[in-house]
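Here is a friendly briefing to read alongside the structure.

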Amino acid sequence: MLRTPTGGAGHGTAAAGERAMSIGTVLLQLRDEFPEVTISKIRFLETEGLIEPQRTPSGYRKFGPADVERLAQVLRMQRDHYLPLRVIREHLEALARGEQVALPSGGAPGDPADALRDQDLGQPTAARIGRSELLAATEATEEQLDEWESYGLIVPAAGGSYDAEAVNVARLVSDLGRFGLEPRHLRAVKAAAEREAGLVEQVVAPLRRHRNPQTRAHAEATAKELADLSVRLHAALVQSALKAGFH
């Protein structure tokens, strides 16, 4: 098991003589304790400033043991305490300053956006908000939310609450609405997303049915990786189509 560091200082700077590792090697080291970790998740944590691996002149990431330990600490705080990334970052920064701070208590993050980021990373979260909170977060009206739900763009959980994914979808639908795009215009987007999800499910379904628990865990990690690649491909194709349309 990886050792949890006592502070946050010095991440991203491997000491002389320490063997630098690629992101793939780091992934293999973490998989035993964190079977759902993916390369996309590690990159995301770097984007959020929680880890700072060195880079080679050609741009490849170089991780030292301190980077791996810091990464494991971040993942543990998400897994064991359900902390949003903002709180984890503040905690690590306090440790880096030499402050003696207690680990913040877990629970539902106050900002739905924090819960969203954690769910994107595949971490469990108890964050759910009510209808009034969703309306406040999106600045939408009751009528607009009713319409989003009627088109299946937003689906409340049991009891009428909304998880972080629903909050994100609602915000995006609301933002698109400011450009005149109505829910009926977004049915094609929803249908395309469902088709992409179906393709991912075809790939991972045999793994999910496997009797080996590790294989089933690998199925979930694979599904998240494929979903990330699918989203990136979709964005690239949209950009390519727009570029072609302007020429």
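Arg-131 is partly exposed, with a relative accessible area of 24%. Its side chain meets that of Glu-149 in a salt bridge, at 3.6 Å from N to O. Please keep in mind that this is a predicted model.

**The chain as a whole**

- The chain's secondary structure comes to 10 helices and 4 strands.
- Of the 247 residues in the chain, 35% are buried.
- The chain exposes about 14200 Å², and carbon and sulfur atoms supply 55% of that area.
- If you take the contacts between residues at least 6 apart in sequence, 61% of them join residues at least 24 apart.

**Salt bridges**

- How many salt bridges does the structure hold? There are 14 salt bridges.
- As a reminder, side chains of opposite charge can pair when their charged atoms come close.
- The side chains of Glu-149 and Arg-131 meet in one of these salt bridges. This pair links distant parts of the chain, with Glu-149 in helix α7 (residues 142-150) and Arg-131 in helix α6 (residues 131-138), 18 residues apart.
- Glu-149 has a relative accessible area of 23%, so Glu-149 is classed as partly exposed, the range between 20% and 50%.
- Arg-208 pairs with Glu-220 in a salt bridge, where the closest N and O atoms are 2.8 Å apart. Because Arg-208 lies in helix α9 (residues 187-208) and Glu-220 in helix α10, the pair ties together parts that are 12 residues apart in sequence.
- Both partners count as partly exposed, Arg-208 at 31% relative accessibility and Glu-220 at 26%.
- Salt bridges that share partners also join Arg-131, Glu-142, Asp-146 and Glu-149 into one network.
- Another salt bridge is formed by Glu-182 and Arg-184, with the closest N and O atoms 2.9 Å apart. Glu-182 is partly exposed, with a relative accessible area of 36%, and Arg-184 is partly exposed too, with a relative accessible area of 43%.

**Helix α4**

- Does the length of helix α4 agree with what its residue count predicts, or disagree? Helix α4 covers residues 85-96, which is 12 residues, and at 1.5 Å a residue these should span 16 Å. The end C-alpha atoms of α4 are 16 Å apart, so the two values agree.
- Which residues of α4 are buried? They are Leu-85, Val-87, Ile-88, His-91, Leu-92, Ala-94 and Leu-95.
- After α4 comes Gly-98, which has a positive phi, near 85 degrees.

**A nonpolar patch on the surface**

- Val-238, Leu-242 and Phe-246 form a nonpolar patch on the surface. Together these residues have about 320 Å² of accessible area.
- Where in the chain is Phe-246 placed? You will find Phe-246 in the segment after α10 (213-245).
- Is Phe-246 buried or exposed? Phe-246 counts as exposed, because its relative accessibility is 70% and the exposed class begins over 50%.

Note on methods. Residues are numbered from 1 along each chain as its sequence is written. This is a predicted model: local features need pLDDT of at least 70, side-chain atom pairs count only at pLDDT 80 or more; totals for chains, interfaces and linings use all residues. Side-chain values use heavy atoms; hydrogens and water are left out. Helices (H or I, at least four residues) and strands (E, at least two) are DSSP runs, numbered from the N terminus. The expected span of a helix is 1.5 Å times one less than its number of residues. Buried means under 20% relative accessible area, exposed over 50%, partly exposed in between (1.4 Å probe, protein chains only). Patches are made of residues with over 30% relative accessible area and no salt bridge: like charges are joined within 9 Å, nonpolar side chains (Val, Leu, Ile, Met, Phe, Trp, Tyr) within 5 Å. Accessible areas come from the Shrake-Rupley method with a 1.4 Å probe; for residues, only the protein chains shown count as cover. A salt bridge is a side-chain nitrogen of Lys or Arg within 4 Å of a carboxyl oxygen of Asp or Glu. Contact means heavy atoms within 4.5 Å.
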